[in-house]
Amino acid sequence: MQNTDVTIVGGGSAGLTLALLLARQQLRVVLVEKGPAPSLTDAAPDYQRVSALNMASRSLFQQLGIWPQLLAGAAAYTDMQVWEADSFAKIGFTAAEQQLEALGYICDNEHIRQLLFSQLQQCSNVQCYFDVAISQLKQGERDVMLQLDNSELILSQLLVGADGVNSFVRQQMQLPLTHWDYQHTAIVAKIRCAEPHQLTARQVFLPSGPLALLPLPDSNLCSIVWSAETNEAERLMALDDTAFVQALCAATQAVLGPVELCSQRQAFGLTMRYASRWQRGRVVLVADAAHSIHPLAGQGMNLGLMDVAALAQLIGAQQAAGEDIGANPMLRRYERWRKAEAQSMIVAMEAFKRGFTAKPPLAKLLRGLGLVATDRLPWLKQQLMAHALGLKGDLPELVKN
Ligand SMILES: Cc1cc2nc3c(=O)[nH]c(=O)nc-3n(C[C@H](O)[C@H](O)[C@H](O)COP(=O)(O)OP(=O)(O)OC[C@H]3O[C@@H](n4cnc5c(N)ncnc54)[C@H](O)[C@@H]3O)c2cc1C
């Protein structure tokens, strides 16, 4: 049997980041992941799955000491162009108008995990179990017991569910979930474009959903996230590569010239999930285990990283006061704090999605006028962007500049 302070279930970006934050607070941490360990070789990122990180996430990774290496494999984009197909609606943002060096950073998801894991290797107070399944999870008044299928038994004061959208921890704790199907599927792939992307993130709103072209470090490579109504996405997935590329060029008005596909296409069904309760006793949820949103504004991972920074901050305050680090009032405080942020993001994503998919001509006209007007109002643009960049809102201390 192993006694520890905190057990984290799930070794995605959120779970690994939390493990590192708590290790720095001198807590004993056990991390349990059902999949394999991130590789520690120096192989270059392959950008199969990427995320746009905002300034708040950058600050967090700076604090954790992985930023220089992450940045070396990331594309710092300085411009963003958003437009609607078949209309005059468009808006543009630049880093210069925000007085910033970049609007965000396109990073490889697995590279993030690798760098976090490599830092964790230096921490003698963290033990990681990979390729294991959980056979039992039970909580008592003073601790939580986790049994692994390798018969390891772990007792901790606090257990954190960082185990993603289908969270086992959430289900075991019977934490109720609200969900609705966005009726969208996202197709993700890597493409090579004839024209350089010039570090510009592009997003076109098509009648069936948004299509993003995210710049990668190679000046002619982009990652696409093409969200479309599910039957349309199925049609696109069924096309052969040549027909898919033709559809892609037509959808983007060949904004970057002819393109070729350089990876398999992957499809992800999109569902909004929101746990109406994030804690029970000494167990708490973070990141996608607590909420998942439409990827159209690239905010899911950023939101989850702020959850773990907030939780680590509150745990640190308990420690400093000599209090129980699994105390439920503290977990409720975390829940209230982060639920408020998650709710505003869910509402904003829904408004965006509905706003951009409304088809009546009047809605289209108003949308076009609204975007063009906003484009001419620097103050409004700055406010909109400040939220997306993670520079506004109730931020954890660690990421405040
Ligand atoms: C198409 C798409 C594009 C996106 N683009 C962006 C973007 O540009 N910017 C952004 O901020 N976000 C983006 N997101 C969202 C982002 O990918 C997620 O929010 C983020 O990866 C969630 O991290 P996580 O650690 O909570 O969950 P995950 O990455 O899902 O990690 C959960 C981990 O838990 C493990 N696990 C699950 N069950 C168990 C179990 N029973 N026992 C042990 N381990 C378990 C899993 O194996 C996994 O490793 C996008 C999402 C999609 C679908």
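Student: How far is an oxygen atom of the ligand from an N or O atom in the side chain of D288?

Tutor: The distance is 2.8 Å. The protein covers 82% of the ligand's own accessible area of 1000 Å². Accessible areas come from the Shrake-Rupley method with a 1.4 Å probe, and for residues only the protein chains shown count as cover.

Student: What should I know about the model itself?

Tutor: It is a predicted model: local features need pLDDT of at least 70, side-chain atom pairs count only at pLDDT 80 or more, and totals for chains, interfaces and linings use all residues. Residues are numbered from 1 along each chain as its sequence is written, and side-chain values use heavy atoms, with hydrogens and water left out.

Student: Back to the ligand. Which residues come nearest?

Tutor: E33, A52, D288, G298 and M301, out of 28 residues around the ligand. A residue is near a molecule or strand if one of its heavy atoms lies within 4 Å of it.

Student: What does E33 do there, in distance terms?

Tutor: A polar side-chain atom of E33 sits 2.6 Å from a ligand oxygen atom. K34 uses its backbone: an N or O atom there lies 3.1 Å from a nitrogen atom of the ligand. A polar contact is a pair of N or O atoms within 3.5 Å; within protein, one must be able to donate a hydrogen and the other to accept it, and residues adjacent in sequence count only if both atoms are side-chain atoms.

Student: Which elements give two or more residues to the shell?

Tutor: α1 (13-24), β3 (50-53), β12 (177-193) and α8 (300-320). Helices (H or I, at least four residues) and strands (E, at least two) are DSSP runs, numbered from the N terminus.

Student: And how does the shell split by class?

Tutor: There are 13 nonpolar, 10 polar and 5 charged residues. Ala, Val, Leu, Ile, Met, Phe, Trp, Tyr, Cys and Pro count as nonpolar, Asp, Glu, Lys and Arg as charged, and the others, Gly among them, as polar.

Student: New topic. How many salt bridges does a search of the whole structure find?

Tutor: The search finds 10. A salt bridge is a side-chain nitrogen of Lys or Arg within 4 Å of a carboxyl oxygen of Asp or Glu. One of them joins R28 and D5, at 3.0 Å from N to O. R28 is in the loop between α1 and β2 (29-32) and D5 is in strand β1 (residues 2-9), so the pair ties together parts 23 residues apart in sequence.

Student: Is D5 buried or exposed?

Tutor: Buried, at 10% relative accessibility. R28 is partly exposed, at 40%. Buried means under 20% relative accessible area, exposed over 50%, partly exposed in between (1.4 Å probe, protein chains only).

Student: What does R265 pair with?

Tutor: D241, through a salt bridge of 2.8 Å, N to O. R265 lies in the loop between β16 (259-261) and β17 (266-275), and D241 in helix α7 (residues 241-251), 24 residues apart. R265 is buried at 14% relative accessibility, while D241 is partly exposed at 45%.

Student: Where is S263?

Tutor: In the loop between β16 and β17. S263 is buried, with 15% relative accessible area. A polar atom of the S263 side chain lies 2.9 Å from the backbone nitrogen of K190.
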